[in-house]
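I am opening my notebook on this structure. I want to look up charged pairs first, then the nonpolar cores.

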Amino acid sequence: MTDISNSFTKLAFASKTRLGRRHRMPTAQFDADFLGDFIKQRKVDRLVVSSVVPKKSLEVRKAAERTEVLWISPRVKLGVGIDYPKPASIGADRLANAAAVAALYGCPAIVVDFGTAVTFDIVSEERNYIGGVIAPGLEAMTNFLYQRTALLPRLSLREPRTAVGRSTIDAMRAGAVFGYRGLVREIIARIKAERFPRQKVHVIGTGGYAELISAQLPDVEKVHRDLTLDGLRIVANLNA
């Protein structure tokens with residue numbers, strides 16, 4: 001299973017029923033040589049790939065040689081329908097998340113993926129992917145402050161001790177974490193009010209900062225760190 005996103009690439013071997021240990025690396029370092037060496041560790045029947053980085057998709061093709069590759073796209077069986085004007089424009093990782101949340105948690109559901117961008121993907125009660133929301137990622141927002149201001153430092157993200165910062169770092173950390181938590185809470189509330197009034201909705205978090213932001217966010221039912229990779233495994237089974 002290979003999930004290639006803009007910042008990081010995640011890889012794992014998988015059986016039909018479970019994922020192996022996840023390997024995570026910067027996408028900039030991912031290439032055909034690395035993938036070729038990685039898959040030689042086991043007998044691999046098929047590569048299952050979600051990619052939003054076309055240049056790195058070429059590296060997968062180089063490494064695969066004669067190994068079958070299943071690319072996640074609207075053209076394969078996902079276990080969910082697609083009720084969306086331009087299905088080809090949906091990111092492969094978002095389709096994998098939709099497949100995973102429907103299979104593992106049920107519908108209706110919202111997946112909040114805390115990656116380079118934070119994405120909210122919605123699966124309806126009828127098990128259809130119906131769209132979502134895209135906002136800047138937490139790290140992108142904090143890096144912007146560091147890069148565009150003369151006196152603000154680079155920030156390591158963790159839970160703030162107080163809302164009122166007593167240093168520049170503490171003030172930035174409070175703004176980042178509490179502010180971002182508010183952004184996520186508001187978007188979830190609006191999605192629920194607009195699409196699922198008076199319905200039980202599964203809200204699942206995944207991605208790099210899911211645990212930090214969801215820690216004090218009751219709206220998120222559970223954090224599933226490897227939801228996207230599990231989605232690849234589930235789609236692989238559907239397309240066996």
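Which residues are linked with Arg22 in a network of salt bridges? I found Arg225 and Asp226 linked with Arg22 in that network. I note that this is a predicted model.

**Entry: salt bridges**
I looked up the total and got twelve salt bridges. I checked Asp3 and found a salt bridge with Lys10, with the closest N and O atoms 3.5 Å apart. Both Asp3 and Lys10 are buried.

Next I looked at Asp121 and Arg94, whose side chains form a salt bridge at 2.5 Å, N to O. This pair links distant parts of the chain: Asp121 sits in strand β8, Arg94 in helix α3, and they are 27 residues apart. Is Asp121 buried or exposed? Asp121 counts as buried because its relative accessible area is 0%, and buried means under 20%. Arg94 has 11% relative accessibility, so Arg94 is buried too.

**Entry: Asp93**
I then turned to Asp93, which also lies in helix α3. Asp93 is buried but has no salt bridge. The nearest side chain of opposite charge is Arg94, 5.9 Å away. A salt bridge needs the nitrogen and oxygen within 4 Å. Beyond its sequence neighbours up to four places away, Asp93 touches Asp3, Ser50, Val52 and Thr228.

**Entry: nonpolar cores**
I looked up the largest nonpolar core and found 30 residues. Leu232 is among those with the most contacts inside this core. Helix α3 gives the most to this core, with eight residues. I also found a second, separate core of 25 residues, including Ile130 and Val201.

Methods:
Residues are numbered from 1 along each chain as its sequence is written. This is a predicted model: local features need pLDDT of at least 70, side-chain atom pairs count only at pLDDT 80 or more; totals for chains, interfaces and linings use all residues. Side-chain values use heavy atoms; hydrogens and water are left out. Helices (H or I, at least four residues) and strands (E, at least two) are DSSP runs, numbered from the N terminus. Buried means under 20% relative accessible area, exposed over 50%, partly exposed in between (1.4 Å probe, protein chains only). Lys and Arg count as positive and Asp and Glu as negative; His and the chain ends are not counted. Contact means heavy atoms within 4.5 Å. A nonpolar core is a set of buried Ala, Val, Leu, Ile, Met, Phe, Trp, Tyr and Cys residues joined through side-chain atoms within 4.5 Å.
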